[in-house]
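Please examine the sequence and the structure shown below.

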Amino acid sequence: MPRVERRDFLVLGGALALGACTPATRPTPPPPSEPASDPDADLRAATAASELALIAAYRTAITAFPELGSQLRPLAAQHESHLAAIDPAAASGAASAAPGTSSPGSAALGPVASPASSGGTSTPSSEDRVAEGSAPAAGDGPPAWTAAQALTALAEEESAAQQQRATACDGVQEAALARVLCLVAASEGQHAVVLTAWSEREAGR
Amino acid sequence: MRAAASELTGLQAALAGEHAAVWAAGRAAGELRGNARTRALRQLDEHRQARDALRRSIVALGADPVQAAPAYVEPFRVEGAAGGRRLLAHVNEALAATYADLAAASAPAARRPAVTASTAAAVRALGWGAAPSAFPGAD
C-alpha cells in the first residue's frame with residue numbers, strides 16, 4: 001500500500017506555487033502517459049474491482065434466493081452508484097463486457113459467489129438448490145446454504161469492503177476521491193449492519 | 001500551509017456538527033423512553049467526547065474552536081419518540097457527510113479518524129431509522 005506523506009504534498013504545492021509565479025518557465029507537464037497521469041489509478045481500479053465483486057455477490061444471492069430480491073436489489077444498486085462515482089469507465093463497462101484491465105477486475109467478472117473471507121458458511125450449494133439453473137455452481141463442497149447464511153456472507157463482504165475503502169482513503173491523493181471513498185465506507189458500514197439484522201431475522205424463522 | 005487551512009475548516013465544520021449532535025441527542029432523549037433513551041444518552045456522551053477531541057485538535061492548530069449555537073432550529077417538528085428518532089437519524093446522516101468532507105480536507109495519513117467517525121455516524125443514523133444510502137448524508 002503506497003502511502004503518501006505530507007512531505008509530498010508540500011513538494012507538490014511548492015512546484016505549483018513556483019509555476020504560478022513564473023509562468024514563462026513553468027515546466028511543461030510530462031506527456032500524459034495514460035496510467036501515470038492519475039496517481040490514484042491503482043486504488044481506483046482496485047476499488048472498482050471490489051465493487052464489481054460485491055455486485056456479483058448480490059446477483060448470486062438474489063439468484064439463489066429470489067425472495068431476498070426486494071431487500072437486496074436496492075443495496076446492490078447502491079454499489080452501482082459507488083462504482084459510477086469511483087470509476088465511471090468501469091461502471092459503463094460493467095454493463096457490457098469485461099473491462100479486463102486488472103486481475104482483480106477480471107476475477108470479479110466471473111460468477112463470484114464465495115467471499116474471499118474465511119467464513120466457510122457461504123459457499124452456495126448447487127446440490128441442494130439445483131432448481132434455479134442459473135445459480136452459479138462455484139463451490140465444489142456442497143454445504144447447505146441458507147438465506148440467513150447468504151445474508152451473513154454478504155454482511156462479511158460489506159465489512160471487508162468498508163475496511164478496504166478506509167484504507168484506500170488513506171492512500172489517495174485526490175481529495176474528491178478521498179471524500180467518495182469515505183462515504184462509500186460509511187455506506188458499506190450501513191449495509192453490513194442491515195444485512196446482519198436481516199440474517200438474524202431469517203435465522204429466527 | 002493551504003492544506004492545513006482547509007483541514008482547519010473541516011475540523012471546525014465537524015466541531016459545529018458535533019455541537020449540533022450534542023444538542024440533538026439531548027433534545028431527542030427528552031422524547032424517548034427505555035432503551036432508546038438510554039442509547040440516546042450514551043450517544044450524547046460520545047458526541048461530547050468527539051466534540052472535546054475536535055476542540056483540542058483545533059487549539060493545537062492555533063485557532064479558536066467554534067462555539068455551539070445558542071439555540072438550534074429544529075429541522076422539522078420533533079415530537080414524541082418518532083420525532084426524536086427522526087431528529088437523530090437526520091443529524092447523524094449530516095455528520096457522516098461532514099466527516100467525509102474533513103477526511104477529504106486532511107492529509108492522507110491523517111484521514112482515518114474522520115473516516116471512522118463518518119462510518120460510525122452513518123451506522124448511528126441507521127439505528128435511528130435512516131435508510132441505507134449510497135453516500136450517507138450526501139446524496
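Which residues does A:Cys169 touch, not counting residues up to four places away in sequence? They are A:Ala178, A:Leu181, A:Cys182, A:Ala185, B:Ala103, B:Arg111 and B:Val115, where touching, or contact, means that the C-beta atoms of two residues, placed from the backbone, lie within 7 Å.

## Basis of the model

This is a predicted model, in which local features need pLDDT of at least 70 and side-chain atom pairs count only at pLDDT 80 or more, while totals for chains, interfaces and linings use all residues. Residues are numbered from 1 along each chain as its sequence is written, and chains are lettered from A and ligands numbered from 1 in the order in which they are written.

## Where the chains meet

In chain A, 31 residues are in contact with 26 residues of chain B. On the chain A side, helices H1 (6-21), H3 (69-86), H6 (147-171) and H7 (175-203) each supply at least two residues; helices here are DSSP runs (H or I, at least four residues), numbered from the N terminus. The largest share, 14 residues, comes from H7(A).

By class, this side of chain A holds 15 nonpolar, eleven polar and five charged residues. Ala, Val, Leu, Ile, Met, Phe, Trp, Tyr, Cys and Pro count as nonpolar, Asp, Glu, Lys and Arg as charged, and the others, Gly among them, as polar.

## Two crossing helices

The axes of H7(A) and H3(B) come within 8 Å and cross at roughly 145 degrees. Axes are lines fitted to C-alpha atoms, for helices over the stretch in contact, and angles run from 0 to 180 degrees between N-to-C directions.

Residues of H7(A) that meet H3(B) include A:Ala178, A:Cys182 and A:Ala186; among their counterparts in H3(B) are B:Ala100, B:Ala103 and B:Ala104. This contact has eleven nonpolar, no polar and two charged residues.

## The nonpolar core

The largest nonpolar core has 84 residues, of which A:Cys169, A:Leu181, A:Cys182, B:Tyr99 and B:Ala103 touch the most other members. Such a core is a set of buried Ala, Val, Leu, Ile, Met, Phe, Trp, Tyr and Cys residues joined through C-beta atoms within 7 Å. H3(B) gives the largest share of this core, 14 residues.

## A buried alanine

B:Ala14 is found in helix H1 (residues 2-29) of chain B. B:Ala14 counts as buried because it has 28 C-beta neighbours inside 10 Å, the requirement being 20 or more.

Leaving aside neighbours within four places in sequence, B:Ala14 is in contact with B:Leu54, B:Thr98, B:Tyr99 and B:Leu102. B:Leu54 lies 40 residues apart from B:Ala14 along the chain, yet their C-alpha atoms are separated by 7.6 Å.

Key. A residue is buried if 20 or more other C-beta atoms lie within 10 Å of its own, exposed if 12 or fewer, and partly exposed in between; C-beta atoms are placed from the backbone.
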